[in-house]
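Welcome, and please have the sequence and the 3D view open together.

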Amino acid sequence: MSTSLEHLSGPARRPDQTRSGQDRSEPARPGPVNANSSEKQNQSQNRRLTGDLAMWFLILAELSAFGILILVFAVMQALNSELFHASRLALDSSIGLALTLALLSSGLLAALAVAQVRQARTGRAALLLLVAVLSAGVYVVLKLGEFSHLAGLGFGLEYNTFFTLYWLLTGFHFLHVLLGIFILGWMAERCRRRAYSATNCSALESGVLYWHMVDLVWVLLFPLVYVLN
Amino acid sequence: MTHSKMLIGCWLGLAALSVSTVLLGAAGTSLLLVAGVLLVALAKAWLIIDGFMELRHAPRMWRGLLLGWPIAMATGVLLSRLI
């Protein structure tokens, strides 16, 4: 797909590759106007997406689904501000912060793993992905603790509008986290078996992109659900 | 700066911004503070999109689409406050 749809995703070039080789191969053109337009053309040609194009379409679809839920939450909060304020007291923003840091740390480790594979260090990448899974595991444990605490207090899906939306939004996101952990674990094993290389890591990039999408959604969910009164 | 150092820099920024989200949220509920919390969320989204997802050097359309999402969400949340 990445070849047939190259006009959408750009040419195949790793982001850490330099552009100097291509610049040198360009024939000399007279005049500053032509030089500038040639440089712009080169820059435009060198822009590329990491990972597979299909993953980017999936990410757009996921962001659209979460976007609808986030906007519904915001509008319902505006219409029931006192109810949302009182209900939010049952949540602990410090737990929300810990959840955020666990997810972001996992995202960093996954991104570092991709950088290591590009430098042909698949062993280190496997280790980084494994630690990323552990960091995401901290999120899962904390989130399950919060779910269990709220359920124990009787704040279930049908308790009120806030908790209906809370369970839908964070539950939907939680399912994405579980799938992301499975993908990270799978890719760690593939790295251990040296299935990826510096020139063949598009599948790894795509899996890690999915994980960053999960991070990106949480970055908006966290203030909306835990902080904004 | 190497790519790995840039990624660690992004994470440090994200962690600091996450702490400031909680501090801003605890400071009050005025529209200005809400806008501040949303701006912090936008900065975090930008770090993830341009840093972790490597869209800084991606085709402009894709970078615009991804950056447009948090901007649309933050604008929607802010506008809902004016209902």
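What follows looks at a helix and a residue of chain A, then at chain B.

Please keep in mind that this is a predicted model.

Let us start with helix 9 of chain A, which covers residues 202–227. How far apart should its ends be? At 1.5 Å a residue, its 26 residues should span 38 Å, and the end C-alpha atoms are 37 Å apart, so the two values agree. Helix 9 of chain A does bend, by about 30° at A:L221. A proline, A:P223, follows within four residues of that bend. Is this helix mostly covered or mostly open? Mostly covered: 23 of the 26 residues in helix 9 of chain A are buried.

Next, have a look at A:F147, a residue of helix 7 of chain A, which runs over residues 122–152. A:F147 counts as partly exposed because 16 other C-beta atoms lie within 10 Å, a number between the limits of 12 or fewer for exposed and 20 or more for buried. Between A:F147 and A:V177 there are 15 Å in space, C-alpha to C-alpha, for a separation of 30 residues in sequence.

Chain B is built from three helices and zero strands, in the order α-α-α from the N terminus on. Here are some of its overall values.

| Property of chain B | Value |
|---|---|
| Span of the C-alpha trace along its principal axes | about 40 × 30 × 10 Å |
| Buried share of its 83 residues | 39% |
| Share joining residues at least 24 apart, among contacts between residues at least 6 apart in sequence | 55% |

Technical notes. Residues are numbered from 1 along each chain as its sequence is written. Chains are lettered from A and ligands numbered from 1 in the order in which they are written. This is a predicted model: local features need pLDDT of at least 70, side-chain atom pairs count only at pLDDT 80 or more; totals for chains, interfaces and linings use all residues. Helices (H or I, at least four residues) and strands (E, at least two) are DSSP runs, numbered from the N terminus. The expected span of a helix is 1.5 Å times one less than its number of residues. The bend at a residue is the angle between axes fitted to the seven residues ending there and the seven starting there. Two residues are in contact if their C-beta atoms, placed from the backbone, lie within 7 Å.
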